[in-house]
Amino acid sequence: MTRKMFMQTILVALLIPSLAWGAEKSAEAQWQTLTLEKCLELAYANNQELKSATQDVVIAKANVKKAQGAFLPTLDYELGATKLSDPTTVLLPYIGDLEKGFSVIPFEGPDEGYGGSLSATYPLYTGGKLRNALKIAKTQLDLALEKERNVRQKLTYNVKST
């Protein structure tokens, strides 16, 4: 009996400090102090207005690339294939005698046909349309960048004032 009591005492003596240490660590993990840098980082990562402004910048950059691409030549291609499933006949009118009507002549030729074309176009003169479209796209990019900067500044001010 004393041996059993001795083992229980040792077990309790080892178990209590480890439980207390684990509770202290979980409470510490639950209550972390937030620094200003950590608060700003969390605000930048979770603010929907900033995410929207950043997405607008991405779209504006894509529009600038699209406007720049309009100055390059374009290639167009077209491919086609035809396969005849049944023999084709051709109706030819009789020459000279209209009363006889038409004659039916079976068409003898390939039952498959393939074709294709490739064309390249380059804008020589557009009346300033491409240049103005590029200017507009770059202005919209500048506007989107400024909006993103403005949102980031307001968010930073709000976090710091809070």
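Me: In which helix is the place of alanine 53?
Reply: Heads-up: this is a predicted model, where local features need pLDDT of at least 70, side-chain atom pairs count only at pLDDT 80 or more, and totals for chains, interfaces and linings use all residues. Residues are numbered from 1 along each chain as its sequence is written, and side-chain values use heavy atoms, leaving out hydrogens and water. Helices (H or I, at least four residues) and strands (E, at least two) are DSSP runs numbered from the N terminus. Alanine 53 sits in helix α3.

Me: Is alanine 53 buried or exposed?
Reply: Go by relative accessible area: under 20% is buried, over 50% exposed, and in between partly exposed (1.4 Å probe, protein chains only). For alanine 53 that area is 0%, so this alanine counts as buried.

Me: Which residues does alanine 53 touch?
Reply: A contact is heavy atoms within 4.5 Å. Lysine 147 is 94 residues away from alanine 53 in sequence, yet their C-alphas are 6.6 Å apart in space. Leaving aside residues up to four places away in sequence, alanine 53 touches Glu148 and Val151.

Me: Which helices do the buried residues of α4 pack against?
Reply: Helix α4 covers residues 129-161. Its buried residues include Glu148 and Val151, along with Leu155, Thr156 and Val159. They pack against α2 (36-46) and α3 (48-69).

Me: How are α3 and α4 oriented to each other?
Reply: Axes are lines fitted to C-alpha atoms (for helices, over the stretch in contact), with angles from 0 to 180 degrees between N-to-C directions. For α3 and α4 the angle is about 165°, and the axes are 8 Å apart. Under 35 degrees is roughly parallel, over 145 roughly antiparallel, 65 to 115 roughly perpendicular, and the rest oblique. α3 and α4 are therefore roughly antiparallel.

Me: How are α2 and α4 oriented to each other?
Reply: Here the axes are 10 Å apart, at an angle of about 135°. That pair is therefore oblique.

Me: Which residues of α4 make the contact with α2?
Reply: From α2 come Leu36, Cys39, Leu40, Ala43 and Tyr44. Their partners on α4 are Arg152, Leu155, Thr156, Val159 and Lys160.

Me: In what order do the elements run from the N terminus on?
Reply: In total the protein has 4 helices and 4 strands. Starting at the N terminus, the order is α-α-α-β-β-β-β-α.

Definitions and conventions: Expected span 1.5 Å × (residues − 1).
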